[in-house]
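Biologist: Could you take me through this structure, starting with the whole and ending with single residues?

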Amino acid sequence: MRRVQELDERYVAHTYTRQPLVLTKGRGVFVWDVNGRRYLDFVGGIAVCSLGHCHPALTRAISSQARKLMHVSNLYYIQQQAELAELLARVTPEKIDKFFFCNSGAEAVEGAFKLAIKHAKREQIIAMQGSFHGRTAAAVGATWKRAYREPFEPLIPKNFDFVPFNDLAAVERAMNGRTAAVIVEPVQGEGGINVPSDDYLPGLRKLCDERNVVLICDEIQTGMGRTGKWFACQHWGVEPDIMTMAKALGGGFPIGCLGAGAEVMNSFSPGDHASTFGGNPLACAAAKAVVQTMLKLKLPQRAAKVGKYFKERLLELADKHGCVQEVRGLGLLLGMELSSKKIANDAVAKAMARGFLINCTADKVLRFAPPLIVERKHIDRLMKVLDQILSEVG
Ligand SMILES: Cc1ncc(COP(=O)(O)O)c(C=O)c1O
């Protein structure tokens, strides 16, 4: 542990505040540190490891593809890419049936902006307060938190207007003759697990239709079954024009993707957009295994069921402990807002000391995004410990 910390301190860019933990092994819902100590993982690599750690179907797909062919260029047809796209067309909203592959969430968001601007032939993007869309220049331009955005602002095109989340009238007011797209997370993740009211997504869809504006749903955190449907927009029966995916798509292998209907996606012509690694055989073999395993294990349905139980248990704790302000979320993307940042940070540290990984977002919201294979008994174990911790910190 000491050696890793020293190497990191000396040679790695200091862009992360790290927990004092070096993890070396994972299996299912558990991870182990360098000293062999086991932790129940309710972070899941931040909504990435949905199949759990080192799921045999995923490790098999990666190792077998690695022995055959890892990378060629998009100069050539790629079998695994074409097959992954076909699979995604089956699980994404009906309208979304063409895909561009890249390597991360932010890259998918960047691609979505370029596509929307090219398709609409306009340049302004409306984004939401509390949003998070990534850290690359344009994606960070649509990210609400000033600290992420402002230090780079001369580099970022001034295309983004922010409006309050869950406020349709504000979106309507912000739309003008320059508006190309509205980008929204159906449930805000980094912003604190904020679930909009039931008329919000359908209302955005209607507004965008009326104004001929592209609706982009960022499903990078909420997608791939996390909220109890394949994609969170499906809770409200809304079909976006463009959808971004990443995180759980590769189950831990880096891959990002943007999807759109043919009419929108065909606004990209050869040469408009590209990525050296995007959609290479190895990444697509991993993502194919993830989607197939999720279909086989019915993980979105499982997330809905287990998530409901989890939320009920969290609500019980909320009734009991005054330091809990609110419990919210959908499926297995749940948040517990505490009364202060210090209390939330103390709770994270105390949970870790007792062998549970949880994480805190939006200053004081405990975020729970465990592997979708998590069982009730694991949740019960966390609840017992969280109950004690909330008594101590509150
Ligand atoms: C909703 C959303 N969009 C985009 C991103 C950026 O993804 P990445 O970190 O893979 O660039 C994230 C990451 O947390 C996210 O939650």
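What follows is a set of questions and answers on the structure.

Biologist: How are residues numbered, and what kind of model is this?

Modeller: Residues are numbered from 1 along each chain as its sequence is written. The model is predicted: local features need pLDDT of at least 70, side-chain atom pairs count only at pLDDT 80 or more, and totals for chains, interfaces and linings use all residues.

Biologist: How many helices and strands are there in the protein?

Modeller: Both are DSSP runs numbered from the N terminus, where a helix (H or I) needs at least four residues and a strand (E) at least two. Counted in this way, the protein has 14 helices and 15 strands.

Biologist: How does the radius of gyration of the protein stand against the globule rule?

Modeller: The radius is taken over C-alpha atoms, and the rule is 2.2 Å times the number of residues to the power 0.38. For 394 residues the rule gives 21 Å, and the protein is close to that, so it is as compact as a globular protein of that length. Its radius of gyration is 21 Å.

Biologist: What share of the residues counts as buried?

Modeller: A residue is buried if 20 or more other C-beta atoms, placed from the backbone, lie within 10 Å of its own; it is exposed if there are 12 or fewer, and partly exposed in between. Of the 394 residues, the buried share is 49%.

Biologist: Which helix gives the largest share of the side of domain 1 that touches domain 2?

Modeller: An automatic or database domain assignment sets the bounds, with domain 1 at 2–54 + 298–393 and domain 2 at 69–297. The contact (C-beta atoms, placed from the backbone, within 7 Å) takes 28 residues from domain 1 and 26 residues from domain 2. On the domain 1 side, helices H2 and H12 are among the elements that each supply at least two residues. The largest share, 6 residues, comes from H12.

Biologist: In which sense do strands E3 and E13 pair, parallel or antiparallel?

Modeller: Two strands pair if DSSP finds at least two bridges between them. E3 (residues 38–41) pairs with E2 (residues 30–33) in the antiparallel sense over 3 bridges, and there Phe-30 has Leu-40 as its bridge partner. With E13 (residues 356–357), E3 has 2 bridges, and Asp-41 stands opposite Leu-357. The sense of the pairing of E3 and E13 is parallel.

Biologist: Which residue in the hairpin of E2 and E3 takes a positive phi?

Modeller: The hairpin has 4 residues between the strands. The phi value in question is near 85°, and the residue is Gly-36.

Biologist: Is Gly-130 buried or exposed?

Modeller: Gly-130 lies in the loop between strand E5 (124–128) and helix H6 (137–141). Leaving aside its neighbours within four places in sequence, its contacts include Trp-144 and Phe-165. Because Gly-130 has 20 C-beta neighbours inside 10 Å, it counts as buried.

Biologist: Is Lys-247 buried or exposed?

Modeller: Lys-247 sits in the loop between strand E9 (242–245) and strand E10 (256–260). Its phi is near 35°, a positive value in a residue other than glycine. There are 29 other C-beta atoms within 10 Å, so Lys-247 is buried.

Biologist: What does Lys-298 count as, with 13 C-beta neighbours inside 10 Å?

Modeller: The loop between helix H11 (281–297) and H12 holds Lys-298. Phi of Lys-298 is also positive, near 50°. With that number of neighbours, Lys-298 counts as partly exposed.

Methods. Contact = placed C-beta atoms within 7 Å.
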